[in-house]
Amino acid sequence: MKKGSGSDPFADVRDEDDDAGEASQPDDELDTEPPRSDTEDGTARGETADDGGQTASSEDRSTEAIVGEPPQDGATDSGVPWVYVRDNVKQDREMVQFYLRDFMLEAEDEFVDAVGDELGTDVSKTDVREAAYEAAMHNVDEVVDRLEAWGFESVD
Amino acid sequence: MLTYTTYSEAGGVGKSTIGAALLESHANHGLDVLAIDMDQQNGSLTYLLDIDAPRDDSQADNIVRHLIDRPKGPLEDLIYQTEYGFDLIPSHNMLESLEDLLNRAQQMADDLGEGDDFDPYDRLRQVLLESSVPQEYDVLVVDPPATAGPHLYNAVSATRSLVIPVEPTGKGMQSVLGLEELVDGLQERLEAEIGVLSAVPNGIGRTSDQDRYLTEIRDRGYPAPVAIRERSSLFEGCWDQQCTPRYYVAKHRDRRRDHESETLDKIDRLATEIEEVSEE
């Protein structure tokens with residue numbers, strides 16, 4: 001620690017001023033490498049079989065009436081993503097009871113791991129559950145198919 | 001540009017009050033002055049100066065959003081004019097979770113492969129560099145809370161000079177020693193030279209005490225142009241009325257008190273001294 005003033009914290013901008021207003025940042029070499037999104041087996045494990053032609057038809061359907069935009073600003077509109085502003089995973093969430101059969105409970109951990117692998121970061125089961133539920137609300141047809149497979153039938 | 005952080009390890013030594021008085025003095029000397037309130041507590045500069053900023057609206061843009069690289073607009077839009085001739089970027093409740101938010105922002109930068117460019121302790125300086133602040137102001141003062149942490153580290157990294165109010169007790173002197181260790185570590189971490197513009201013994205009693213503490217601080221090699229005597233009624237009055245000490249004496253005292261004028265003169269001398277030291 002020295003007496004008197006320390007070094008100039010804004011020396012960078014001073015230097016730029018001296019260089020006839022050249023506005024380039026000192027070290028913004030473009031990192032052209034795209035974010036990694038491919039993992040070896042992450043997707044395959046989380047996917048279910050036999051949903052080949054489903055997605056196209058379910059995208060046609062407007063799902064806005066079923067689930068709206070999340071109340072918190074998101075990363076895509078220059079807001080702070082929800083995960084940044086909340087203090088803990090339960091914040092802003094109501095607790096609901098979910099009854100699940102054993103095969104789902106057993107698959108759940110693997111599902112969470114697979115999603116985490118894809119994201120490249122840890123993610124909590126609570127977050128994955130809500131995201132999965134939201135995703136399902138954008139894919140009503142797929143949910144209907146499963147329920148039909150379970151034996152729910154139209155009365156027509 | 002004169003840049004400094006007002007810091008003391010102990011709370012309640014008049015850091016924000018002296019800071020406000022210094023800011024007003026710099027402005028009275030004809031300088032363009034910006035203060036940044038990094039103190040999340042309610043008893044911060046923003047409260048003292050009675051700035052009506054939306055501190056608990058998490059949707060409103062604020063300094064933390066800029067520090068975590070999620071601004072809602074230009075930094076310049078966060079600047080408030082005070083009644084005292086200087087400008088302020090106010091405090092916000094999001095500062096309470098600054099450490100956590102910076103960690104998550106760091107994590108996200110790492111995930112995107114941009115981690116090398118993201119230094120959680122150098123964010124304030126980076127944000128200011130990208131704004132017009134270094135060109136538009138002559139003086140920048142950052143007021144962090146009285147604890148070591150990311151608020152302090154960002155403040156020191158962005159200013160690299162310190163003004164340290166010191167409690168004139170054994171404990172207060174110990175805190176100066178503790179600060180030396182902290183600053184040494186920080187210098188290494190930030191790879192920047194950090195200087196002490198002034199130590200300010202505050203709240204001392206008799207003249208002989210003033211002399212003793214000033215001597216002790218100077219013997220340690222710190223500039224210490226003035227010691228402020230015990231002025232609790234003046235400083236408490238400022239907080240009651242939410243204004244600077246000079247304004248309080250001018251508007252809220254029915255008669256002139258010589259000892260209070262003397263204190264104001266000393267703070268003004270301190271401001272002048274700081275301005276001169278920074279030019280050396």
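**Entry 1: surface of chain A**

I began with a nonpolar patch on the surface, formed by Val143(A), Leu147(A), Trp150(A) and Phe152(A), which together have about 410 Å² of accessible area. I took a patch to consist of residues with over 30% relative accessible area and no salt bridge, nonpolar side chains (Val, Leu, Ile, Met, Phe, Trp, Tyr) being joined within 5 Å and like charges within 9 Å. A salt bridge would be a side-chain nitrogen of Lys or Arg within 4 Å of a carboxyl oxygen of Asp or Glu. The areas are from the Shrake-Rupley method with a 1.4 Å probe, and for residues only the protein chains shown count as cover.

The model is predicted, with pLDDT of at least 70 needed for local features and 80 or more for side-chain atom pairs, while totals for chains, interfaces and linings use all residues. Residues are numbered from 1 along each chain as its sequence is written, chains are lettered from A and ligands numbered from 1 in the order in which they are written, and side-chain values use heavy atoms, without hydrogens and water.

I then looked up Trp150(A), which is exposed at a relative accessible area of 55% and is found in the segment after helix H7 (140–149) of chain A. Exposed means over 50% relative accessible area, buried under 20%, and partly exposed in between (1.4 Å probe, protein chains only).

**Entry 2: chain A as a whole**

I noted seven helices and one strand in chain A, in the order β-α-α-α-α-α-α-α from the N terminus. Helices (H or I, at least four residues) and strands (E, at least two) are DSSP runs, numbered from the N terminus. Of its 156 residues, 18% count as buried.

**Entry 3: cavities**

I searched the whole structure and recorded two cavities of 30 Å³ or more. A cavity is a set of points on a 1 Å grid over the protein atoms alone where a 1.4 Å probe fits but cannot get out; lining residues have an atom within 4 Å of a point. A volume is the space filled by probe spheres set on the points, which are joined across faces, edges and corners.

The largest cavity holds about 50 Å³ of space. Its lining includes Tyr7(B), Glu9(B) and Leu179(B), and strand S6 (161–166) and helix H8 (170–190) of chain B each supply at least two residues.

The second largest cavity has a volume of about 30 Å³. Among the residues that line it are Thr6(B), Lys15(B) and Asp143(B). H1(B) gives the most to this lining, with five residues.

Note on methods: On a 1 Å grid over the protein atoms alone, a cavity is a set of points where a 1.4 Å probe fits but cannot get out, and a pocket is an open set with protein on both sides within 12 Å along at least five of seven lines; lining residues have an atom within 4 Å of a point.
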